[in-house]
Amino acid sequence: MKIPYYPGCTLKSTAKHFENSAIASAKALDIEFIELPKWNCCGVVTPLAEDDIMHHVAPVRNMIRVLEMNKAGTVSNEKRLLTLCSMCFNTLKRSSLRVKEKIDDLDILNDFMYKEEDYDGSVEIVHFLEILKENGFDKINKKVKKSLKDLKVAPYYGCMLLRPKDIGLDDPERPTIFEELLSALNAPPVDWRAKNKCCGSFLTLENKETVAKLGHDILTNAQKSGADMIITSCPLCAFNLDNRQKIIKKIHPEFETIPVLYFTQLMAIAFGLDKELIGLDKNFINPIPLLESKGLL
Amino acid sequence: MPKTIVLDKKSVNFLKKITELSGEIITLCDQCGTCSGGCPVIEDMDITPSQLMRMVLIGDQTVLQSKTMWLCATCNTCTVRCPRGLDVSKVAEALRQTTLRQSIDKVKIDEIPKEELAELPQIALVAAFRKLTS
């Protein structure tokens with residue numbers, strides 16, 4: 001299948017290994033990402049003030065690109081827009097629903113973007129995890145070349161995949177989609193308390209210590225629950241949980257580091273894909289010794 | 001004896017403004033404390049999310065001096081748990097906007113250390129600038 005794909009800014013820089021491993025894993029499952037032409041930043045966070053229509057311009061403009069792709073025949077009758085980054089997923093989906101519910105807002109946006117084709121509200125924002133589920137986790141299981149049975153993985157959902165309820169792709173309190181994926185990869189999922197606890201998000205700029213405190217709680221909870229590593233789908237969570245371990249270690253010298261990977265890196269490992277595509281050298285806490293000890297590299 | 005709180009015009013207008021800006025019917029808040037109970041950053045706040053709701057409800061503008069609205073990371077934990085269906089993150093945003101729209105920035109971009117800028121992913125910078133600058 002071919003599906004329009006929105007990368008977002010971070011997947012082209014610090015999270016390039018997320019994009020590479022996702023595209024390669026999808027290809028192994030006959031899913032082809034067709035990147036939007038001329039995409040723009042979604043704004044990362046959704047505008048929450050009622051009168052703030054302006055900040056819906058950026059997300060909606062990307063949705064117009066999907067309509068254009070359908071018109072040009074780049075994709076065939078596929079109005080779903082695939083995202084990898086949890087923040088982009090949440091922000092784009094919230095805007096897509098807002099303009100669907102508030103037609104007056106859509107009129108204002110279309111008037112403002114008078115040089116663009118009118119947006120009709122027909123694009124649906126989806127996350128790669130949803131497409132994997134729809135495609136069938138059994139198909140993933142058939143592609144597994146390296147069994148992850150000795151690797152205990154704690155799936156970290158964070159906030160943006162799950163909340164608010166009308167946006168989330170799973171139950172906000174008891175999600176299971178990551179566990180289903182891990183089971184398909186033959187990796188025993190770790191059940192743990194902090195899987196949907198906030199990592200502190202953008203507070204990482206002004207309130208590093210708050211983020212380190214949250215990170216310490218999340219990471220040690222994973223470790224106490226028996227995890228060897230954590231997986232995520234958000235480049236901001238990845239930064240706060242992976243790179244910020246440097247600060248955590250300073251505050252808590254007894255803290256032992258734990259690798260944080262994108263879920264697609266783990267898929268690529270299980271599928272036996274090329275090292276270059278997995279990009280394990282891009283992760284802050286080096287996951288290579290752990291993976292070697294489990295015979296996975 | 002029941003106590004009556006009489007709101008002056010200024011307080012009523014403040015409540016009205018935040019209600020409009022957030023789109024939340026703040027008077028529905030029962031003060032049950034569920035939002036405060038689940039808030040991941042409550043330890044670093046000076047007033048709890050439920051206190052923030054109460055202060056807005058009685059039109060107390062000193063709520064704008066509190067740290068709490070700036071520490072709300074919009075994780076929406078309280079949003080999915082509120083028994084009254086209220087979204088406290090939208091109220092926090094309305095309070096932030098009330099300050100930011102007077103061209104008062106919470107973060108000074110030129111004061112961010114260069115080594116931090118080199119390390120932080122765009123996603124963190126764009127999100128923080130959207131939330132903390134005018």
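In α2(A), the residues A:Pro59, A:Val60, A:Asn62 and A:Met63 meet A:Thr91, A:Leu92, A:Ser95, A:Ser96 and A:Val99 of α3(A). Sorted by class, this contact of α2(A) with α3(A) holds 5 nonpolar and 4 polar residues, and no charged residues. The model is predicted. Helix α2 of chain A covers residues 57-72 and helix α3 of chain A covers residues 86-101; the two pack at an angle of about 85°, and their axes are 9 Å apart. Angles of 65 to 115 degrees count as roughly perpendicular, and α2(A) and α3(A) are therefore roughly perpendicular to each other.

Helix α3(A) is mostly covered, with 12 of its 16 residues buried. The buried residues of α3(A) include A:Thr91, A:Leu92, A:Ser95, A:Ser96 and A:Val99, which are the residues that α3(A) brings to its contact with α2(A). Also buried in α3(A) are A:Ser86, A:Met87, A:Cys88, A:Phe89, A:Asn90, A:Lys93 and A:Arg94.

Chain A is divided into domain 1, residues 2-129, and domain 2, residues 140-293. Taken over C-alpha atoms, the centres of domain 1 of chain A and domain 2 of chain A are separated by 25 Å.

For chain B, the domain assignment gives domain 1 (9-102) and domain 2 (107-134). The C-alpha centres of domain 1 of chain B and domain 2 of chain B are 24 Å apart.

The contact of the two chains takes 34 residues from chain A and 34 residues from chain B. On the side of chain A that touches chain B, α8 (203-206), α9 (208-224) and α10 (235-243) of chain A each supply at least two residues. That side of chain A divides by class into 18 nonpolar, 10 polar and 6 charged residues.

Several features of the backbone were also noted. The peptide bond from A:Arg163 to A:Pro164 is cis, and its omega is near -10°. A:Pro164 lies in the loop between β5 (153-155) and α7 (177-184) of chain A. A:Lys38, a residue other than glycine, has a positive phi near 55°. This residue, A:Lys38, is found in the loop between β2 (32-35) and α2 of chain A. A:Lys38 counts as exposed because it has 9 C-beta neighbours inside 10 Å. In chain B, phi of B:Asn76 is near 65°, again a positive value in a residue other than glycine. The loop that holds B:Asn76 runs between α4 (68-71) and α5 (77-81) of chain B. With 24 C-beta neighbours inside 10 Å, B:Asn76 counts as buried.

Methods:
Residues numbered from 1 in each chain as written. Chains lettered and ligands numbered in written order. Predicted model: local features only at pLDDT ≥ 70, side-chain atom pairs only at ≥ 80, totals over all residues. Contact = placed C-beta atoms within 7 Å. Helix = DSSP H or I, 4+ residues; strand = E, 2+ residues; numbered from the N terminus. Nonpolar A, V, L, I, M, F, W, Y, C, P; charged D, E, K, R; others polar. Axes fitted to C-alpha atoms, helices over the stretch in contact; angles between N-to-C directions. Parallel < 35°, antiparallel > 145°, perpendicular 65-115°, else oblique. Domains from an automatic or database assignment. Buried ≥ 20, exposed ≤ 12 C-beta atoms within 10 Å, placed from the backbone.
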